[in-house]
Amino acid sequence: MDSDIKTYSLGVMSSDIYENITSLAIANVKQGTLPYVKSLPLPQDMNIVNGRHLGDINKIQLELKAAKIGAKSLKWIYGADAELLQLELKDTDPVEFQAASQQVSKGNFDCEPVVVLANTRRNISKSTLNISHESDIAAEGMQMDAQCVYLLDQFTDKSIQKALKPQNIEKRLEMYGDPLVKRQVKAISQNMITYMNEYDSGLREQGHRKLMRDNIVSNLTTANKDGSVNKANKEMSEVYKGLKDQFDDSQKTVFKALNKYYTKQNTGLDIKRIETDKEVEDSVLKLASLNNFKLAETLSEAYFFTDRSTHYGFSFDRVYTESEQVAKDKVLAPQAARFMPKEKEVQRLMDQKEREKLREREREFKPRSMERERGRF
Amino acid sequence: MEAFISYDKYIVKETLSSGVGVPVSFDEEIAKRESCRRRNVESYNQWMLINIPDKSLFLDTEKSMKYQTSEVFQCLKSRDFIMTLFLSEARRLYVSMDSKLSNDEDKGDEAKRLFADFSEEKFNNVISLPSGLDLINFINERCRSHDLAKSSALLYAAGIKGTLYNDEKGQRLLMFNAAEDIEPIETRKEALPDSKLIL
């Protein structure tokens, strides 16, 4: 059994993620562990090192993986960070591995990582020097295209406890010569304790969730208080209609079920599902059998739609309050031209289409941060 | 010594009348009750079994100062603690030292004796306080910014790890420095039916 922590993977095709989602979904339905039909959704996923959530298709892959191996939490960590903290996979400890595979998931437990795809290829040549200064996460600093993500439940409890003990942290630090690495390891271990609590209690995210609830409610009302038509609601229904026209019946069923699932997960609002468990499971199986990535597409579409409906005024960007929207729309006074052009080199003009494409990608795939731009909570 | 603390309390310090720190309890039920979880998603209450320094290193807020443990006396008797607490008096003594000292002979010994007398006198003052809570209030009054956190830090620097206090849930410990003194042994989690829920 290969029990080394994988830090990155090579030769990953972008279509692998769709295939992986399809196979995971089928396995989940057969085991009866599909998370979308459970009475309580899993909480939002969380990078245990920095408290961030995934905001793209990787999230769906991770959720299905957690359900498949019977992990009850979606706390995850990059392989490189786990390596740095010297965590040990459950393969290495037969007692814990047996316990996990028998009690939790009836033999479906495994220690294989999820390969998540980074969204945009960053310019590596720019930062070949001082890579470690670029970011405080080892995995991000390496700037890989595809990275391995482990759920925290895949590591032995013993090694996690060991990593969290403050006394042990000091001892372990003596191994590293580089003061930067020392600082990193200490910060990571301390952050882990904070975010592990935050994951289950949601104390710090409380305010943010309230904003999202308010936004959903206001987006769902058809008319404003003064009787005029709610523009956000109109846009939302148009988008919803557009999606519906593309979808067939089973896609519609999955979409509706997931919309409610993610609303409950993001905001705690309890909306009852009309579709029965069997209907949802059958539709998932039917879509998975189609072999053209329809399932992954539908699942991610539902997630993106729900995420967008938590924004203020159904905006595409992550705007949660009116004041944020106003600040974003601010019109700047035109600036006078300089006497002399500052740069002598002629700048290469980017193709308008290319630029739009890049911008859209960035917008879609940035990992969502709880702390956002307002500074730390 | 084994004790329990909920995960939420471990992370954020609290300001109580007996100092600034994290409250630890000997009863697991209390630690369970104090933890909270999310509503409408699959979440758990988390608490920890921890190892903490011996009870004798804690200042009892209810007891009279005369009946504190010998370890606490040792800490309070230390020269650094007394000199920091009575800084202005100590400085005055130092300035007036020239006139008090007799000429030439045994200057060093005489100075030591003067300081020893001074610290013993002040230590007796400290012991004569009616309770541990009064000591904390006394330190806080002497602190220029009246900051309870700084007062706790002074006690911690002297070697006192925290305070023993009573609330409606029974006897509890307030630990001044969670990062240094608390050693997590085991994390326990469970979805408690009647716990505090956060939407």
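A: A salt bridge here is a side-chain nitrogen of Lys or Arg within 4 Å of a carboxyl oxygen of Asp or Glu. The model is predicted, so local features need pLDDT of at least 70, side-chain atom pairs count only at pLDDT 80 or more, and totals for chains, interfaces and linings use all residues. Residues are numbered from 1 along each chain as its sequence is written, chains are lettered from A in the order in which they are written, and side-chain values use heavy atoms, with hydrogens and water left out.

Start with chain B. B:R33 and B:D194 pair through their side chains in a salt bridge, at 3.9 Å from N to O. B:R33 sits in helix α2 (residues 28-34) of chain B, and B:D194 in the loop between β9 and β10 (196-198), so the pair ties together parts 161 residues apart in sequence. Helices (H or I, at least four residues) and strands (E, at least two) are DSSP runs, numbered from the N terminus.

Exposure comes next. Buried means under 20% relative accessible area, exposed over 50%, and partly exposed in between (1.4 Å probe, protein chains only). B:R33 is partly exposed at 48%. B:D194 is exposed at 52%. The pair belongs to a network of salt bridges that links B:E29, B:K32, B:R33 and B:D194.

Now the interface. The contact (heavy atoms within 4.5 Å) takes 24 residues from chain B and 32 residues from chain A. One salt bridge is found across this interface. B:R38 and A:E205 form a salt bridge, at 3.2 Å from N to O. On chain B, α1 (7-11), β4 (36-38), α10 (178-181) and β9 (183-190) each supply at least two residues of the side that touches chain A. β9(B) gives the most, with 5 residues.

Turn to chain A. A:E235 and A:R308 form a salt bridge, with their closest N and O atoms 2.9 Å apart. A:E235 lies in helix α11 (residues 231-246) and A:R308 in helix α14 (residues 294-309), so this pair ties together parts 73 residues apart in sequence. A:E235 is partly exposed at 33% relative accessible area, whereas A:R308 is buried at 17%.

A:D277 and A:R273 make another salt bridge, the closest N and O atoms being 3.2 Å apart. A:D277 is partly exposed at 37%. A:R273 is partly exposed at 26%. Over all chains, the count comes to 22 salt bridges.
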